[in-house]
Amino acid sequence: MEEKIKSIFAEHFPYKTPEMYASAGRINLIGEHTDYNGGFVFPGAIDKVIMAAIVPNGLSQVRVYSVDIQEYAEFGLNEEDLPSQSWARYIFGVCREFQKRGAAVGGFDAVFAGDVPLGAGLSSSAALESCFAFAVNDLFNDNKVDKFELAKIGQSTEHNYCGVNCGIMDQFASIFGKKDNLIRLDCRSLEYAYFPFHPQGYKLVLLDSKVKHELVDSPYNKRRASCERVAKRLGVETLRDADIDMINSVKGDITAEDYFRAKFVVEEKDRVLAVCDALEKGDYETVGKKMYETHAGLSVDYEVSCEELDYLNDIAKECGVTGSRIMGGGFGGCTINLVKDSLYESFIKFAKEKFNAKYGHEPRVIDVVISDGARRLS
Ligand code: GAF
């Protein structure tokens, strides 16, 4: 991918050799919809990236070509210069968020491409934001903006330019990702710890339902609003400060929908910590059990699953897979599966056949390796 991007860059912008940057998509072992509730998450960066060739152009214009979408965008750096292409808004947003923080950004020329599957819930958008945030910091700010702020720049880009009121998990994982390590992140304090992840005798595999996951215009923001209403009713800042007894105590004053959303969040918060403990002991059976519990909660209480993802979860159960659940925001995308090595081949074969028989296409199998996050390549 690197050579291809460089050669396309040379065609579009022949005058100068660019610097190369990359940032990663992410998986999340457990802890969904907890980030914007101040809870814990447990993600890791993966070996699927967005990669960009970038060089400052001395103008106040950004000129950028997307290899995968085969589109070119050109925009200025003022608020009114918002580009019309939705993919370019991620880059524009990153530039604007640097400016809002008093950091430097000038015009630049860029070409980018990626292998983070789009719409699969692996956070290609966070990879794009983090790649450009890392590059702008390196090229215009001598890397003076710290990594926490880089993650926040990506998150604010989603809020202010892309219409998704997301939490910090995806951008944090993309920026802070470390090879062979998952990250336990406390989304309230942003304290984090790396957990070496070498599941002996198990594999992590994603099965993409190919139901397009798209958080823009999805009910994602509605889920967040439900949680905020319950927190407000309880008089706490976020549901991080609530437990099931507190939620039960206001059951009569909130809608049934809000009740079930909040119930899921407080249960999920505890599951993340239980999984971290289990991992430290090498107890993968408990990890897997919690993954199934998360799936049930996301499907029944949080209602972010779909028929295809529930079916993939049922198939995993039927095969005796250790753990399986919807991953990411939901509304389509992948399941993440923790599978014993000895079961891997037969599970994949069985899942493909059964899913194909019901939906007329096979799920896409995505093997992932836990890898480094944002970085300069050259
Ligand atoms: C999406 C969001 F971007 C994250 O912030 C997080 O809320 C996730 O859905 C659900 O855990 O990926």
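Is the crossing of α10 and α11 left-handed or right-handed? Let's take a look, keeping in mind that this is a predicted model.

**View 1. Helices α10 and α11 cross each other.** The crossing of this pair is right-handed. Residues 307-319 make up α10 and residues 341-359 make up α11; their axes come within 10 Å and cross at roughly 140°. Angles over 145 degrees would count as roughly antiparallel, and α10 and α11 are therefore oblique to each other.

**View 2. Residues in the contact of α10 with α11.** From α10 come Glu308, Tyr311, Leu312, Ile315 and Cys319. Helix α11 contributes Leu343, Phe347, Phe350, Ala351, Lys354, Phe355, Lys358 and Tyr359. By class, the residues of this contact are 10 nonpolar and 3 charged, with no polar ones.

**View 3. An open sheet of 3 strands, in the order β2-β7-β8.** The pairing here is antiparallel. Strands β2 (40-41) and β8 (192-196) stand at the edges with a single partner strand each, so one side of each has no neighbour in the sheet. Between β2 and β7 (residues 181-186) there are 2 bridges. Look for Val41, which stands opposite Leu185 in β7. Helix α5 (residues 169-176) packs on the sheet and touches β2, β7 and β8, its direction making about 135° with that of β7.

**View 4. The surroundings of the ligand.** Around the ligand you will find Glu32, His33, Asp35, Tyr36, Ser123, Cys166, Gly167, Met169, Asp170, Gly328 and Gly329. This shell is made up of 3 nonpolar, 5 polar and 3 charged residues.

Notes:
Residues numbered from 1 in each chain as written. Predicted model: local features only at pLDDT ≥ 70, side-chain atom pairs only at ≥ 80, totals over all residues. Near = placed C-beta within 6 Å. Nonpolar A, V, L, I, M, F, W, Y, C, P; charged D, E, K, R; others polar. Axes fitted to C-alpha atoms, helices over the stretch in contact; angles between N-to-C directions. Helix = DSSP H or I, 4+ residues; strand = E, 2+ residues; numbered from the N terminus. Parallel < 35°, antiparallel > 145°, perpendicular 65-115°, else oblique. Left-handed = near helix turned anticlockwise from the far one by under 90°. Contact = placed C-beta atoms within 7 Å. Pairing = 2+ DSSP bridges.
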